[in-house]
Amino acid sequence: MQCSKCRRDAVVQQRYSGLRLCETHFLEDVERKVKRRLRKEIKLRSGNTLAVALSGGKDSSVLLYVLCGIFGRRRDINIVAITVDEGIAGYRPKYVRQAKKLADELSVDLFLFSFKAVFGATLDEIVRAAGLDDELRDKAPCTFCGVLRKTLLNRVGRELGVAAIATAHNLDDEAQTILMNYIRGDIARLLRAPARSEKFVPRVKPLRDVPEEEVALYGMLRGLKVEFEECPYKRLSFRFKILSWLNDFERRHPGTRYSILRGFERLVQDERRHFEPKSCERCGEPCAGNICQACRLLSKININYAP
Ligand SMILES: [Zn+2]
Ligand SMILES: [Zn+2]
């Protein structure tokens, strides 16, 4: 199998684009997609700091690596990593070590925060407590984890004074999220976005146009030694069901993930509803209503979160 752009052996066949790419052209293709997405979503100015949410898994490791490559030569943009230790026994510690090692290799400052220190409980403890609550019992751990991680990242990003936080969501993650919200009939949630505000640190998802398997291949080709183990809670999530279904669909109809994302982006362009963020009555963090999701969740299991 030959590269569609040169005569070298191809390492990947992109069924969605009809291209076969050699190692060099594949790496270039991923980096081009990341740059294009960055240009579209944020404007960094001289002196800005860009934070990368680094879990130590393959996606965020690749993200940090690519961003360091893009901004490495620009001394006026500083890259830092924020690592969140959710407190998942037997799983997270390994990734935290991995994150530290990579940050070290790339000479990036890493800031480590834990759910335990910030919210007073590990995710494992929260999941146990939620099991005793009628309303929360059926929610997957990923729901709590997602809400709390978002809150934490925004808070520490603001405290560190970063211009934006980059998260490692890839094309698959994004297509799954869009489908999940469609299926739940919750399009409004996808269209809602906070108006520009000091309280919200802008988010950017540079890997949004890169399929999951290409992120993995990129990491492998670049020699990033990353763990591939799955979070033990993942299989309990609604997302996991969507994921299996979407993978199957993509195999039969290449390009499905891109068309889900593009279709949604076109919809959003005209329909975005910006809301003026209020301050949560309990913790002061910005939110759409009176009490933020994190506080609502934590108060149900009798944890009072007051930063
Ligand atoms: Zn080539
Ligand atoms: Zn709150």
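Buried means under 20% relative accessible area, exposed means over 50%, and partly exposed lies in between (1.4 Å probe, protein chains only). The model is predicted, so that local features need pLDDT of at least 70, side-chain atom pairs count only at pLDDT 80 or more, and totals for chains, interfaces and linings use all residues. Residues are numbered from 1 along each chain as its sequence is written, chains are lettered from A and ligands numbered from 1 in the order in which they are written, and side-chain values use heavy atoms, with hydrogens and water left out.

**Exercise 1.** Determine whether proline 206 is buried or exposed, and list its contacts beyond its neighbours within four places in sequence.

*Solution.* Step 1: proline 206 belongs to the loop between strand S8 (203-204) and helix H9 (212-221). Helices (H or I, at least four residues) and strands (E, at least two) are DSSP runs, numbered from the N terminus. Step 2: the relative accessible area of proline 206 is 0%, so proline 206 is buried. Step 3: contact means heavy atoms within 4.5 Å. Leaving aside neighbours within four places in sequence, proline 206 is in contact with Lys33, Val34, Arg37, Leu38, Leu63, Ala166 and Thr167. Step 4: 27 Å separates the C-alpha atoms of proline 206 and arginine 252, which are 46 residues apart along the chain.

**Exercise 2.** Describe the packing of H5 against H6.

*Solution.* Two packed helices are described by the angle between their axes and the distance between the axes. Step 1: axes are lines fitted to C-alpha atoms, for helices over the stretch in contact, and angles run from 0 to 180 degrees between N-to-C directions. Helix H5 (residues 123-130) packs on helix H6 (residues 141-160) at an angle of about 130°, and their axes are 10 Å apart. That angle makes H5 oblique to H6; angles under 35 degrees count as roughly parallel, over 145 as roughly antiparallel, 65 to 115 as roughly perpendicular and the rest as oblique. Step 2: H5 and H6 cross in a right-handed sense. A crossing is left-handed if the near helix is turned anticlockwise from the far one by less than a right angle, and right-handed if clockwise. Step 3: from H5, Leu123, Ile126, Val127 and Ala130 meet Pro141, Phe144, Cys145 and Leu148 of H6. By class, this contact of H5 with H6 has eight nonpolar, no polar and no charged residues. Here Ala, Val, Leu, Ile, Met, Phe, Trp, Tyr, Cys and Pro count as nonpolar, Asp, Glu, Lys and Arg as charged, and the others, Gly among them, as polar.

**Exercise 3.** Characterise the crossing of H7 and H10.

*Solution.* Step 1: the axes of helix H7 (residues 171-183) and helix H10 (residues 238-252) come within 9 Å and cross at roughly 110°. H7 is therefore roughly perpendicular to H10. Step 2: this crossing of H7 and H10 is right-handed. By class, the contact of H7 with H10 has nine nonpolar, three polar and three charged residues.

**Exercise 4.** Which residues of H12 are buried, and against which helices do they pack?

*Solution.* Step 1: in helix H12 (residues 293-300), the buried residues are Ala294, Cys295, Leu297 and Leu298. Seen down the axis of H12, they fall within an arc of 165°, so they line one face of the helix; the arc is that of the directions from the helix axis to the C-beta atoms. Step 2: the buried residues of H12 pack against helix H4 (115-119), H5 and H6.

**Exercise 5.** Examine the phi values of serine 107 and asparagine 302.

*Solution.* Step 1: most residues other than glycine have a negative phi. Step 2: serine 107 has a positive phi, near 55°, and is found in the loop between helix H3 (92-105) and strand S5 (109-114). With a relative accessible area of 66%, serine 107 is exposed. Step 3: asparagine 302, which follows H12, has a positive phi near 60°.
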